[in-house]
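Student: Could you walk me through reading a few features of this model? I'd like the general idea first, then the case at hand.

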Amino acid sequence: MDAQKEALQRIISTLANKNDEIQNFIDTLNHTLKGVQENSSNILSELDEEFDSLYSILDEVKESMINSIKQEQARKSQELQSQISQCNNALENSEELLEFATRSLDIKEPEEFSKAARQIKDRVTMASAFRLSLKPKVSDNMTHLMVDFSQERQMLQTLKFLPVPKAPEIDPVECLVADNSVTVAWRMPEEDNKIDHFILEHRKTNFDGLPRVKDERCWEIIDNIKGTEYTLSGLKFDSKYMNFRVRACNKAVAGEYSDPVTLETKALNFNLDNSSSHLNLKVEDTCVEWDPTGGKGQESKIKGKENKGSYKFLKIVFLLSKELLTHFEAVLSEIFLFIYMTFTFYLLP
């Protein structure tokens, strides 16, 4: 009966743990789904902004080109209008001179005819019609302002999303937890020379396994890590575990997170043993106090080298941190041995 109850209790415990694991996974999926919806909305907004920026640039370039064409049109029109005006004036003067010359042919008097002929000759010599260039200063050609956006269209057709670095892989074997510090090491699944830096995120937890969405602390971020290893020092191991994840970044965008890794951050915890301590030491869990009565209800006299007077009672209290480093055990042993030998020396007759 007892064996069956024990087996059933183990089954219940296993089922409870599995249910807790599944519920945590469901919470993770819901959190991921919410993140997909929020991030998709943000990305769509950014995409609209980017295309609006392209449209704005195209509109600016179009406006600039239109202004260039209009300015060229105005320049050529002004040049041609000026030439037309000059030609009209020259033509008017030339027609007047032609009419005068024609009338001069009817003059009968030789002297008057000679005078008219000399005037016509002088006026012809000074006539603007003979100094006027009959070549247009500008042409009607506007081909130098034509455009061909075939290359640009091809470039626009090749628009695509930014290349994203692959997710790194944290190597638990290469990770180290010691001396209130944690060293995390990772590697890329394949070489990527476009990676600029890495982002490491960590948080404390009291649950083993996959990170939990609910009842968890926020991720702390360490940015701009150039190598594939990082050491967090000066930590306070006030939780059982720590979650770690890392992502790679190129010059433009950050990639996917690595699979999270949970490392145990066990602190050094120990209690003092009252049963094996000296009679005059009053020992509690993390406190040592000198008791002159030795538990017998009478004072013990401590004699010095010259047997003069009595020493004041010695009281030593150690407040031992629950987060002492592992390698301090040897040092603490030496301290307790020194105290014990000191007490023994003073108690000797």
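Student: Where does Cys249 lie?
Tutor: Strands (E, at least two residues) and helices (H or I, at least four) are DSSP runs, numbered from the N terminus. Cys249 lies in strand S7, residues 241-249. Bear in mind that this is a predicted model, where local features need pLDDT of at least 70, side-chain atom pairs count only at pLDDT 80 or more, and totals for chains, interfaces and linings use all residues. Residues are numbered from 1 along each chain as its sequence is written, and side-chain values use heavy atoms, with hydrogens and water left out.

Student: Is Cys249 buried or exposed?
Tutor: Buried means under 20% relative accessible area, exposed over 50%, and partly exposed in between (1.4 Å probe, protein chains only). Cys249 has 4% relative accessibility, so Cys249 counts as buried. Its C-alpha atom is 10.0 Å from that of Asp223, 26 residues apart along the chain.

Student: What about Asp192, where is that found?
Tutor: Asp192 sits in the loop between S3 and S4. Asp192 counts as partly exposed because its relative accessibility is 30%. The C-alpha atoms of Asp192 and Ala248 are separated by 9.9 Å, with the two residues 56 apart along the chain.

Student: How many aromatic pairs does a search of the whole structure find?
Tutor: Rings of Phe, Tyr and Trp (its six-membered ring) pair if their centres lie within 6.5 Å; planes under 30 degrees apart count as stacked, over 60 as edge-to-face and the rest as tilted. The search finds 2 aromatic pairs. In one, the ring centres of Phe51 and Tyr55 are 6.2 Å apart and the planes are at 45°, so the pair is tilted. Both residues lie in helix H1, 4 residues apart, about one turn of the helix. Phe51 is partly exposed at 32% relative accessibility, and Tyr55 is partly exposed at 47%.

Student: And Trp186 with Phe198: why is that pair edge-to-face?
Tutor: Their ring centres are 5.6 Å apart and the planes are at 65°, so edge-to-face it is. This pair links distant parts of the chain, with Trp186 in strand S3 (residues 181-187) and Phe198 in strand S4 (residues 197-205), 12 residues apart. Both Trp186 and Phe198 are buried.

Student: One last thing: where is Glu50 found?
Tutor: Glu50 is in helix H1, residues 2-104. With 55% relative accessibility, Glu50 counts as exposed.
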